[in-house]
Amino acid sequence: MLETILIVDDQEINLKLLEKVMRSQGYCTHVARDGRQAVASARRLLPDLILLDIVMPEFDGFQVCTELRASAQTGHIPIIFLSAKNKPEDIARGLELGGSDYVAKPFNKLEILARVKTHLSLHRKNRDLETAGKMLRARQDRIAEDLLAAASIQQSLLPKQNPDLDFGRLDWAFLPCEQVAGDIFNFFPLDETHWAMYIIDVCGHGVPSAMIAVSVSQVLNPLTGLLTKDTTCQI
């Protein structure tokens, strides 16, 4: 996809010259002949870079830069100032307002192309980083949702309430150090006079340990029919 450059200058000769130079390198160009048109075009086109003249009537380049930087939609677009105003205070002001670079007029073709290529490359890398960051955050959100679901399942396997015991009182608290853990327990009656209790502590933390703990607890659940009572055993 061709990279787009918006060229802003109130002098027709400068617009034509810059268009010719940029198009010779394969860039797609658009032009604006005053500051207000520049702001409108930037918002509509969202170009990859803006070459911005400073000295323009009514709405100059500094004002254009300020307005574009104030918007989340256009605030990330690199802006290279082009101006015959090359005093240190002018350059400093342009950079303070958010300009990415400053090229003095009359400009050198090789210099301006080098600056353009540099800032377009940086813009691409920043865009790629932003895309990668969004993908990473989306994956983290999905993992967080999965962990919450796993924690809910693990909590559902714990006793729902304390039993009424003739011989004593049973209280418990389950406070894992992470959302899911390798610890689980349960208790249930074996018959009218016997209760069973187990506590499982799998080494480690997180999902792998929790999966082992849940699997073992399922084997020990009396509803599975896997547990049997040896009535011949005498203690």
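This is a predicted model: local features need pLDDT of at least 70, side-chain atom pairs count only at pLDDT 80 or more; totals for chains, interfaces and linings use all residues.
**Entry 1. Salt bridges overall**

I began with charged side chains, since side chains of opposite charge can pair when their charged atoms come close. I took a salt bridge as a Lys or Arg side-chain nitrogen within 4 Å of an Asp or Glu carboxyl oxygen. By this rule I found 10 salt bridges.

**Entry 2. K105 and D9**

I looked up the pair K105 and D9, whose side chains form a salt bridge with an N to O distance of 2.7 Å. K105 is in the loop between β5 (101-104) and α5 (109-156), and D9 is in the loop between β1 (4-8) and α1 (12-23), so this pair ties together parts 96 residues apart in sequence. I then checked accessibility: K105 and D9 are both buried.

**Entry 3. K105 and D53**

I next examined K105 with D53 and noted a salt bridge at 3.2 Å, N to O. D53 is buried, as is K105. Taking these pairs together, I recorded D9, D53 and K105 as linked in a network of salt bridges.

**Entry 4. R33 and E12**

I turned to R33, which forms a salt bridge with E12; their closest N and O atoms are 3.0 Å apart. R33 lies in the loop between β2 (28-32) and α2 (35-45), and E12 lies in helix α1, so I asked how accessible each residue is. R33 has 40% relative accessibility and counts as partly exposed. E12 is also partly exposed, at 36% relative accessible area.

**Entry 5. T4**

Is T4 buried or exposed? I located T4 in strand β1. Its relative accessibility is 16%, and the limit for buried is under 20%, so T4 counts as buried. I then listed the contacts of T4, leaving aside neighbours within four places in sequence: C28, H30, P47, D48 and L49.

**Entry 6. H194**

Where is H194 placed? I found H194 in the loop between β6 (181-189) and β7 (195-205). With a relative accessible area of 43%, H194 is partly exposed. Finally, I looked up the separation of H194 and Q73: their C-alpha atoms are 70 Å apart, and the two residues are 121 residues apart along the chain.

Key: Residues are numbered from 1 along each chain as its sequence is written. Side-chain values use heavy atoms; hydrogens and water are left out. Helices (H or I, at least four residues) and strands (E, at least two) are DSSP runs, numbered from the N terminus. Buried means under 20% relative accessible area, exposed over 50%, partly exposed in between (1.4 Å probe, protein chains only). Contact means heavy atoms within 4.5 Å.
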